[in-house]
Amino acid sequence: MSLFQKTSIGNLTVGNRFVRSATAEGLATARGFCSPVLTKLLVRLAKGGVGLIITGHTAVSREGMAASRQLCLWDDGFISALLDMTGQVHEAGGKILLQLGHAGALADANLTGEASVGPMMTRKKDGTICRAMSRDDIRETSQSFAAAAGRARKAGFDGVQIQAAHGYLLSTFLSPHSNRRRDEYGGNVANRARFLLEVIASVVSETGKDYPVLVKINASDFLPDGYGVDQMIETASLLALSGICAIELSGGIEGAVKYMPSRPGRIHTEKEGYYKAEAERLKEATDMPVILVGGIRSLETAADFIEDEVCDFIAMSRPFIREPELIHRWMTDNKKSSDCDSDNLCYRPIQAGKGFYCLTKARELQRSLLRQKDFKRG
Ligand SMILES: Cc1cc2nc3c(=O)[nH]c(=O)nc-3n(C[C@H](O)[C@H](O)[C@H](O)COP(=O)(O)O)c2cc1C
């Protein structure tokens with residue numbers, strides 16, 4: 001297997017084995033439409049050599065919104081701007097999936113105007129209540145995922161990825177830490193995976209069996225009494241029968257600093273790949289392609305992981321915020337590792353409503369401009 005050769009995921013041909021892992025850019029319009037600046041960024045990634053781009057999590061329903069300036073797809077009105085974007089990505093030689101998301105308990109009530117929902121009733125840190133979903137809620141939410149997937153197909157996406165990781169709705173059903181339901185959606189692994197499997201079945205029935213559907217799950221959520229590797233392997237064996245064509249393996253929970261999906265702190269080469277060991281177990285247990293994300297920064301590690309069959313695809317998020325042209329650089333002359341410091345300062349501009357960018361790189365540029373000015377003056 002070579003990193004830079006054409007290959008396929010399901011029936012989708014991609015230019016290489018590099019994936020831009022879903023990254024909520026915070027660059028949609030205030031009403032959730034794809035914007036020219038987001039289109040420009042995604043085209044830049046395609047031109048920069050990423051084989052497969054995955055959008056940030058896109059709200060399948062208003063109640064599932066995680067943040068402002070997030071892409072939304074709960075209405076046909078969102079399709080046209082997305083269709084324009086996917087057309088431009090394809091023209092640039094890229095392939096692009098839409099990540100279908102529902103934030104569950106992590107939904108932002110200021111945006112949704114209603115209580116968030118999850119497997120159980122809980123009181124959130126901000127004092128608001130997260131409501132336990134009824135069977136009707138579950139059925140309706142599966143339908144929202146399916147309808148959004150149908151719209152994604154109409155909008156020209158090459159497939160969809162279902163977000164079932166990181167403490168958002170579907171992952172809270174998978175985790176015994178957050179799911180203590182006593183009905184058919186709680187209890188053993190198969191019951192906790194039931195909602196996800198129903199979502200997949202609805203999506204596949206809406207989009208057709210030929211349309212690539214991927215799932216992102218946690219290797220572990222690192223919570224006491226939480227979801228761990230054995231449960232992930234059992235879930236994967238159920239997913240293998242569900243009609244999806246690949247699993248992306250991630251881990252952690254948003255907000256759990258040490259074990260959040262985007263772990264802070266510079267990564268030494270020998271420590272790259274937070275979930276390497278779990279991916280190896282997953283590869284042994286399934287024939288499905290495995291995409292691995294989390295702390296991969298060097299071409300050397302990426303090549304080793306592919307050669308050693310740790311995974312089939314290499315996904316990265318923060319390195320592409322720092323340098324959208326990273327893959328092109330690696331393919332041509334300069335094989336130096338990503339300069340991403342994993343300091344997570346890229347989240348700050350999003351929180352300020354400006355959309356993501358690498359704040360560290362911006363500061364470096366500013367300092368270098370100031371030095372040049374001083375030099376000329378003096
Ligand atoms: C700004 C930002 C936004 C993210 N948004 C998403 C998202 O929408 N969906 C998702 O599944 N993961 C999201 N992630 C997590 C990444 O996809 C990835 O799993 C994580 O950052 C670890 O990979 P890395 O070390 O290459 O950054 C986001 C990460 C960052 C830094």
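The largest nonpolar core contains 105 residues, of which Ile 162, Leu 249, Leu 292 and Ile 314 touch the most other members. A nonpolar core is here a set of buried Ala, Val, Leu, Ile, Met, Phe, Trp, Tyr and Cys residues joined through C-beta atoms within 7 Å. A residue is buried if 20 or more other C-beta atoms lie within 10 Å of its own, exposed if 12 or fewer, and partly exposed in between, with C-beta atoms placed from the backbone. The structure is a predicted model, in which local features need pLDDT of at least 70, side-chain atom pairs count only at pLDDT 80 or more, and totals for chains, interfaces and linings use all residues. Residues are numbered from 1 along each chain as its sequence is written.

Leaving aside residues up to four places away in sequence, Leu 292 touches Leu 249, Gly 273, Tyr 275, Ala 279, Phe 305, Val 310, Cys 311, Ile 314 and Ala 315; two residues are in contact if their C-beta atoms, placed from the backbone, lie within 7 Å. In soluble globular proteins, nonpolar side chains tend to be buried together.

For the chain as a whole, buried residues make up 49% of the 378 residues. A compact globule with 378 residues would have a radius of gyration near 21 Å, and the chain agrees with this at 20 Å. The radius is taken over C-alpha atoms, and the globule rule is 2.2 Å times the number of residues to the power 0.38. The C-alpha trace spans about 75 × 45 × 40 Å along its principal axes. Of the contacts with a separation of 6 or more, 70% are between residues 24 or more positions apart.

The chain has 14 helices and 13 strands; helices (H or I, at least four residues) and strands (E, at least two) are DSSP runs, numbered from the N terminus. Helix H4 covers residues 135-154, and its end C-alpha atoms are 29 Å apart, in agreement with the 28 Å that 20 residues should span. The expected span of a helix is 1.5 Å times one less than its number of residues. Buried residues of H4 include Ile 138, Thr 141, Ser 142, Phe 145, Ala 149 and Ala 152. An α-helix has 3.6 residues a turn, so residues three or four places apart point the same way. The cover over the buried residues of H4 includes helix H2 (79-91), strand S5 (96-101), strand S9 (159-164) and helix H7 (194-207). H4 is followed by Gly 156, which has a positive phi, near 90°.

Helix H1 (residues 36-47) can be read in a similar manner. Its 12 residues should span 16 Å, and the end C-alpha atoms are 16 Å apart, which agrees. Leu 38, Leu 41, Leu 42, Val 43, Leu 45 and Ala 46 are buried in H1, and what covers them includes strand S3 (18-20), S4, H2, S5 and H11. Just after H1, Gly 49 takes a positive phi of about 100°.

Helix H7, part of the cover of H4, contains Leu 196. Leu 196 counts as buried because 25 C-beta neighbours lie inside 10 Å. Apart from residues up to four places away in sequence, Leu 196 touches Ala 164, Leu 170, Phe 173 and Leu 174. Val 213, in strand S10, is also buried, with 23 other C-beta atoms within 10 Å. The C-alpha atoms of Val 213 and Gly 243 are separated by 7.6 Å, although the two residues are 30 residues apart along the chain. Gly 243 is among the residues that Val 213 touches, as are Ile 162, Ile 200 and Val 204.

Two loops contain a residue other than glycine with positive phi. Phe 222, in the loop between strand S10 (213-218) and helix H8 (229-239), has a phi near 55°; Phe 222 counts as partly exposed because it has 17 C-beta neighbours inside 10 Å. Glu 309 lies in the loop between helix H10 (299-307) and strand S13 (313-316), and its phi is also near 55°. With 13 C-beta neighbours inside 10 Å, Glu 309 counts as partly exposed.

The ligand is surrounded by 24 residues, the closest being Ser 21, Ala 22, Ser 262, Ser 317 and Arg 318; a residue is near a molecule if its C-beta atom, placed from the backbone, lies within 6 Å of it. Strand S4 (52-59) and helix H11 (318-322) each supply at least two residues of this shell. By class, the shell has 10 nonpolar, 12 polar and 2 charged residues, where Ala, Val, Leu, Ile, Met, Phe, Trp, Tyr, Cys and Pro count as nonpolar, Asp, Glu, Lys and Arg as charged, and the others, Gly among them, as polar.
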